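Please look at the structure before reading on.

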Amino acid sequence: MNLRSFAAALAVTVVLPLGAASAADLEVTHWWTSGGEAAAVAELAKAFDATGNHWVDGAIAGSGSTARPIMVSRITGGDPMAATQFNHGRQAEELVEAGLMRDLTDVATKEKWKEIIKPASLLDSCTIDGKIYCAPVNIHSWQWLWLSNAAFKQAGVDVPKNWDEFVAAAPALEKAGIVPLAVGGQPWQAAGAFDVLMVAIAGKDTFQKVFGDKDEEAAAGPEIAKVFKAADDARRMSKGTNVQDWNQATNMVITGKAGGQIMGDWAQGEFQLAGQKAGTDYTCLPGLGVNEVISTGGDAFYFPLLKDEEKSKAQEALASTLLNPATQVAFNLKKGSLPVRGDVDLAAANDCMKKGLDILAKGNVIQGTDQLLSADSQKQKEDLFSEFFANPSMTPEDAQKRFADIIASAD
Amino acid sequence: MAGHTRGSGRPNQWLRNLNAKLASIPMILTAVVIFLGGTVWTVVYSFTNSRLLPRLSFVGLDQYERLWAAPRWLISVQNLVIYGFFSLIFSLAIGFLLAALMDQKIRFENTFRTIMLYPFALSFIVTGLVWQWLLNPEYGIQSVVRSLGWTSFAFDPLYNSNIVIYGILIAALWQGTGLVMCLMLAGLRGIDEDIWKATRVDGIPMWKTYLLVIIPMMRGVFITTLVIIASGIVKVYDLVVAQTSGGPGIASEVPAKYVYDYMFQAQNLGQGFAASTMMLVTVAIIIVPWAYLEFGGGRKRA
C-alpha cells in the first residue's frame, strides 16, 4: 500500500510540471530584489498570472552588474529565459544585432506603442533598425537628492533646498556624528552621483555635449572642472559611509545616520516601505534643487527568441500586460518610478513622484548615461569614480584628465 | 607473448600498449581541444575588438596598450605582486614551522593537524566573509578590543586603501597555511629516521639540521608546494570579491577580477582576453622553469 501511494505521489510530481508547462510558464529574470522592488515586481507577476499564464520569478540578487552577465551568458549559451530585464539603451544592443532577441514590432503596432509611450526617446532606445525589441516598463531618473529631515533637525540646521546649502550644512551634520552624504561602495553609485552633479551644475547642454557627442574638449573644460570641484565636496562629505549596497546607504538616510544620498528615484520605494512620508520624514530635491532636469533611463523587458510556440505567444501577452495602464500604475507606485505612458492617472502618487511627473510634463528631460554610453565606457567611468571617491589624495584635476581620456575613447 | 610479435622486423612503436593508448584518447582530446584550444582561442581573440560577442576583426595590440595604460590594471598587478610575495614567504615559513613543530612527536597530533587543515576545507567565499566580519571595525576585532578598554585601538585594514591588500593577505594565510603544513609534514615524514640519529650522534643542533640537512633533502616537496601556492596566487579572485569587492575604490583589485569585470560587466571581451592572456604569461613564467627542473634537467642529473 505504502509503496503504491509513494509511486502515485511520484507520478504526480512527474506529471505536474509537464502539465503546468503547457499553460505557458514564462521565466522572467530581473534584479529587483530590495524590499520596494520586490513588492513592485509582485504586481507585474500578479497581472501576468491573471492572463492565464504563469510568471516564474527569476530574481537575481546583487544589482544589475551581477545579474546582467548571468542573463547574457544564458542567452548566448542557448538557455534563454522567456523575458528579461535590462536597462534599455545599449546593454542588449549586441544581443539584438546577433539575432538572439525577439522582434516585438507586431505587438507594438497593434497596441499603438508609438502613440502611448512618452517620452518618445524611451521607445527609440528599444528600436534598432526600425524594429522594436523591448517593452519599456518605467522611467527612472537618477537626478535626486534624498534628505533625512530628522538628521538635519538633530544637527540643528534647516533642511537644505539645494546642493550648495547642503554642502554648507555638512560641518554641522559631521559635528552631530552624522555622515553628511551616504555613497555606497559599489562602483556604479559613485559614477552615478557624478553624472547627477554634472547635470545639476554644468547643465543639460554640457551633459549632452560630453556624453552624447563625446566631446573631449568639453570634458576637459572649465564647466566640468566645476563639477569635479563639487565631486570633491561630495567625496569629503561621504567619508565614513562604509556600506556597499545602495539600499544600505538609503537606509542610513532613513534612519537618520546620514544626512542625504544622491540616488535615483528607485530609492523612494525604500522610504515608502519604511513607512516614511515625503515632505515630513524625508525631502527630495530633483536635479539637486539646482537644475530641475531628469534623465529618462529606466527598465525594459527584452524577449529572447524562443522555439516553443506557446511560450512565444505568452511573450506577446506579457509584453502587452507590461504596458497595460492598470499594471503601469500598480507597478510604478510600488517602485517609486514614473510610468512610461502619459495617459494614466497617478492620483495616488506622493509629492516626490508628482514633482517628477511635473518635470516630465514640462519636457525637462535628458537621456540617461546607459542610453548614451556603451557598457565598456560606463565601466571605465565606474573605475575612475570609485577610485576618486575612495582615495582622497587623487586631485580633481587628475581625475578630470582621466575623465577626458575616457570620453575621448568612448563610443 | 611470442605469439603476438609479427614474423619479421621490430614491433610497431605505435601499436605497443594499444589498450592504454585507446583509453587515453578521451583525455588527450580533452586536453588538446579544451585546454589548448581554449587557450589559443582566447589569445587570438585578445587581438580583436570583440565586445559582448566574439568577432574576428583584428586591431593589433590595441587591447594590450589600453590594458597597460589603465590605472586599475596597474593597481591590480601591483596588488598581486605584494600579495604574491608575502603570501609565498609567509605560507612557506609558517607552514614549515608548524610542520616541524608537529613532527616533534607531540600528543594529539591528529587533532592539531585537523584543526590546522580545517580552514582549507572552506571555500574562499566563506573565508572571505568570515574575515570581512572579523576585520569590520564595527563588529570585529577592533570593536572587541575597544570594548575591553583600549578605546583608541584602530584596526580596520579593509577600509584603508593603503593597507587593504594586507587584510586580504591575512585571510589567505589563515586558509592556506594548513595545506602547506600538511605537505611539509609529509615531506618530513619521508626523511629517514637514521639521518636524525646520525645528526644526534654528531651533536649537530636541531635548527642546523633542519636548515642544512632536512630542507635540502625536501627539495621536491618545496618545489611542489611552491607551484601550488604560486598558481593559487595568480588566480586569486573570490577572496577579494567576498572581502572587499575590490574596494575601497579600486585599492584591492586583482587581475582575475579585472578579467571578469571587463569580459562580463563592461561587455568588452577583447579587453578581458588581453588581461587573461597576460595572466597566462605570468603562469607560464612560473610553470615552465618548474617543469624544466622536474621533468627535463632533473632527469638528466638523476
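## Where chain B meets chain A

Between chain B and chain A there are eleven residue pairs in polar contact, counting pairs with both residues at pLDDT 80 or more. The model is a predicted one. On the chain B side, helix H3 (71-102) and helix H12 (255-265) each supply at least two of the residues that touch chain A. The largest share of that side, five residues, comes from H12(B). Sorted by class, the side of chain B that touches chain A holds twelve nonpolar, seven polar and five charged residues.

How many residues does the contact take from each chain? Chain B gives 24 residues and chain A gives 22 residues. The area buried between chain B and chain A is about 2000 Å². Carbon and sulfur atoms give 51% of that area.

## Salt bridges

Side chains of opposite charge can pair when their charged atoms come close. Over all chains, a search of the whole structure finds 26 salt bridges. Across the interface of chain B and chain A, the rule finds four salt bridges. The table lists some of the individual pairs, including pairs inside one chain.

| Residue | Partner | N to O distance |
|---|---|---|
| Arg66(B) | Asp376(A) | 2.9 Å |
| Arg51(B) | Asp376(A) | 3.6 Å |
| Asp103(B) | Arg189(B) | 3.1 Å |
| Glu43(A) | Lys46(A) | 3.8 Å |

Asp376(A) forms a salt bridge with Arg66(B), and Asp376(A) also meets Arg51(B) in a salt bridge. The pair of Arg51(B) and Asp376(A) crosses between chains. Arg51(B) sits in the loop between helix H1 (18-45) and helix H2 (62-69) of chain B, while Asp376(A) is part of helix H19 (residues 375-390) of chain A. Are these two residues buried or exposed? Arg51(B) has a relative accessible area of 16% and is buried. Asp376(A) is buried as well, with a relative accessible area of 5%. Both values are under 20%, so both residues count as buried.

The salt bridge of Asp103(B) with Arg189(B) lies within chain B. Asp103(B) is in the loop between H3 and helix H4 (109-121), and Arg189(B) is in helix H7 (residues 164-189), so the pair ties together parts of chain B that are 86 residues apart in sequence. Asp103(B) counts as buried at 13% relative accessibility, whereas Arg189(B) counts as partly exposed at 42%.

The pair in chain A is of another kind. Glu43(A) and Lys46(A) are three residues apart in helix H2 (residues 35-49) of chain A, so about one helical turn separates them. Glu43(A), at 15% relative accessibility, counts as buried, but Lys46(A) is exposed, with a relative accessible area of 56%.

Salt bridges can also be linked to one another. A network of salt bridges joins Lys379(A), Glu382(A) and Asp383(A) with Arg72(B), Glu253(B), Lys257(B) and Asp261(B).

## Around Arg90(A)

Where is Arg90(A) found? Arg90(A) is in the loop between strand E3 (83-87) and helix H4 (93-97) of chain A. A polar atom of the Arg90(A) side chain lies 3.2 Å from the backbone oxygen of Leu372(A). Leu322(A) is 232 residues from Arg90(A) along the chain, and the C-alpha atoms of the two are separated by 21 Å.

## Chain B as a whole

Chain B has 13 helices and zero strands. The C-alpha trace of chain B spans about 90 × 70 × 30 Å along its principal axes. What is the radius of gyration of chain B? Chain B has 25 Å, while a compact globule of 302 residues would have a radius of gyration near 19 Å.

Of the 302 residues of chain B, 37% count as buried. Among the contacts in chain B with a separation of 6 or more, 66% are between residues 24 or more positions apart.

Key
Residues are numbered from 1 along each chain as its sequence is written. Chains are lettered from A and ligands numbered from 1 in the order in which they are written. Side-chain values use heavy atoms; hydrogens and water are left out. Contact means heavy atoms within 4.5 Å. Buried area is the accessible area (1.4 Å probe) that two parts lose on being put together, summed over both. A salt bridge is a side-chain nitrogen of Lys or Arg within 4 Å of a carboxyl oxygen of Asp or Glu. A polar contact is a pair of N or O atoms within 3.5 Å; within protein, one must be able to donate a hydrogen and the other to accept it, and residues adjacent in sequence count only if both atoms are side-chain atoms. Helices (H or I, at least four residues) and strands (E, at least two) are DSSP runs, numbered from the N terminus. Ala, Val, Leu, Ile, Met, Phe, Trp, Tyr, Cys and Pro count as nonpolar, Asp, Glu, Lys and Arg as charged, and the others, Gly among them, as polar. The radius of gyration is taken over C-alpha atoms; the globule rule is 2.2 Å times the number of residues to the power 0.38. Buried means under 20% relative accessible area, exposed over 50%, partly exposed in between (1.4 Å probe, protein chains only).
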